[in-house]
Amino acid sequence: MEEENLIKKLEETSLPEIEIPSHKRKLKQILLDKYFREKRNWEVFNVLRKVVPVGAIAIVLIILISYSLISPQYSLAKARGIAMRDPRIKELIERGAVIKDVKILKDKAYVLVQPLAGTEMETEEIKTGLKTEEGFLGALAEIDLKEKKVSRIEKLTPPSSPLAEEEKEKAKEIAENNPEIRRIVPKEAEIMEIIPVPFSQLRLIKEKNSVRVVPEQIEEKRVRIIYELNKNQWEGEIDLIEEKVDGVKFLGEIEE
Amino acid sequence: MKLNEEKELIKRAKKDPKIFGNLYDENYPKIFGYILKRVANLEIAQDITSETFLKALKNLWQFRWRNISFSSWLYRIASNEIANFFRKNKNKLASLEKVLEPISTHNPLTEIIEAQEKLKEYKDFLALQEKILQLPLKYQEVICLRFFEKKKIREIAEILGKKEGTVKSLLHRGLEKLREKFNATF
């Protein structure tokens, strides 16, 4: 076979274009789960690196490594395992949620479960006790490590930060200049309210005797503008940090 | 995407999981496709793809921009993972027989079975791949990147961390060896 024939064969052979969507989805979930853990470790390391001299870091690392051999890693893994076996949490995970964070406090563990970032969960069949008006935003489970079971699980109503007047004005300006909003919302519609959107991604922080839910990123700032005309309503979602409109939708007619 | 824009995106991906998710969605098809064309086995391709992205995530925080695109960086990790796989599994080279073997019974997902059936249809590709897999790794890499991934010499050099002259040389010698394999068959 001549080289040019071989090259022709290589260039012209039909190549398989095959995907396995379930693998792609599953791997994404695993990666995002690891993402939050790795990010936290890296942030801590970065702070240490800047603030503490190299020799001290070496000593700290040696102590941390020795401590980590007998440490709460076991309890964290144990807590995760107990959470995954609880039918309510299992159902949430099957519907697309992930375990975002775990904190240990004495003989209890706290597990934060949230929808996977950037995905929408099918929330219709989730138990109503775990849903807010906006759907499933997250749940906090308390685990009794001695009894090895979830002692309680409650829905989260994620926090939002109040809006300053300038922020409301900025939101209006962004909305006014957005072609999609201009296309979908009638010009005559009035702005009924501008409300902050709750922080979508959360984490846990341990305080003296309690565990608290806080936003993952303070730099997130989203608002909703509700428009109304002749008993019809529209909603625009604005990202004040990125200064863009994330979506516009028609909410329907207001019920009497 | 321009390199500058990509640099910003990577920086944001280190803070925003949504951006990281988007990078993953964008790169998964080409990385999985590349690995599948190298190993010609769906189960192995899945495993190596998982390893590639896990390693990429682990190193994401330390990823320092060196004017190599993110996609080329992923290809590099994938090539290294494939090389590791072949080193550990010298005797498990993919062959036409391996592809035609029934799927292992612990993995009965319909998707995999259908994908496996689809792969079998590419007989010409599989026959070609069987010969390529008999070459040393350094030739396999350049041939697959050039002809299956349609990469330019400059891109292959970036992926493999080699000079363009070296890549051309490897390609030339690789094609010679491949031709010998084909000629030995006839």
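Student: What is the order of the open sheet of four strands in chain A, and what pairing does it have?

Tutor: The order is E5-E8-E9-E10, with antiparallel pairing. Strands (E, at least two residues) and helices (H or I, at least four) are DSSP runs, numbered from the N terminus. Two strands pair if DSSP finds at least two bridges between them. This is a predicted model: local features need pLDDT of at least 70, side-chain atom pairs count only at pLDDT 80 or more, and totals for chains, interfaces and linings use all residues. Residues are numbered from 1 along each chain as its sequence is written, while chains are lettered from A and ligands numbered from 1 in the order in which they are written.

Student: What makes E5 and E10 of chain A stand at the edges?

Tutor: Strand E5 (190-196) and strand E10 (244-253) of chain A each have a single partner strand, so one side of each lacks a neighbour in the sheet. Neighbouring strands here are turned by 20° against each other on average, direction ignored.

Student: How do you know that E9 and E10 of chain A pair?

Tutor: The cut-off is at least two bridges. Strand E9 (residues 232-239) of chain A and E10(A) have eight, in the antiparallel sense. They therefore count as paired. Trp234(A) stands opposite Phe250(A) in E10(A).

Student: Which helix packs on the sheet?

Tutor: Helix H6 (residues 165-176) of chain A does, touching E5, strand E8 (222-229), E9 and E10 of chain A. Its direction makes about 105° with that of E9(A). Angles run from 0 to 180 degrees between N-to-C directions, and axes are lines fitted to C-alpha atoms, for helices over the stretch in contact.

Student: Why are H2 and H3 of chain B called oblique to each other?

Tutor: Angles under 35 degrees count as roughly parallel, over 145 as roughly antiparallel, 65 to 115 as roughly perpendicular and the rest as oblique. Helix H2 (residues 17-39) and helix H3 (residues 42-60) of chain B pack at about 135°, with axes 9 Å apart. H2(B) and H3(B) are therefore oblique.

Student: Which residues of H2(B) and H3(B) meet?

Tutor: From H2(B), they include Tyr24(B), Phe32(B) and Val39(B); from H3(B), they include Leu42(B), Ile48(B) and Phe53(B). Contact requires C-beta atoms, placed from the backbone, within 7 Å. By class, this contact has eleven nonpolar, two polar and no charged residues. Ala, Val, Leu, Ile, Met, Phe, Trp, Tyr, Cys and Pro count as nonpolar, Asp, Glu, Lys and Arg as charged, and the others, Gly among them, as polar.

Student: Why are H3(B) and H4(B) oblique to each other?

Tutor: Their axes come within 9 Å and cross at roughly 130°. H3(B) and H4(B) are therefore oblique. Among the residues that meet are Glu51(B) and Lys55(B) in H3(B), and Glu81(B) in H4(B). The residues of this contact divide into eight nonpolar, one polar and three charged.

Student: How many residues does each chain give to the contact between A and B?

Tutor: Chain A gives 28 and chain B gives 36. On the side of chain A, the largest share, twelve residues, comes from H2(A).

Conventions. Two residues are in contact if their C-beta atoms, placed from the backbone, lie within 7 Å.
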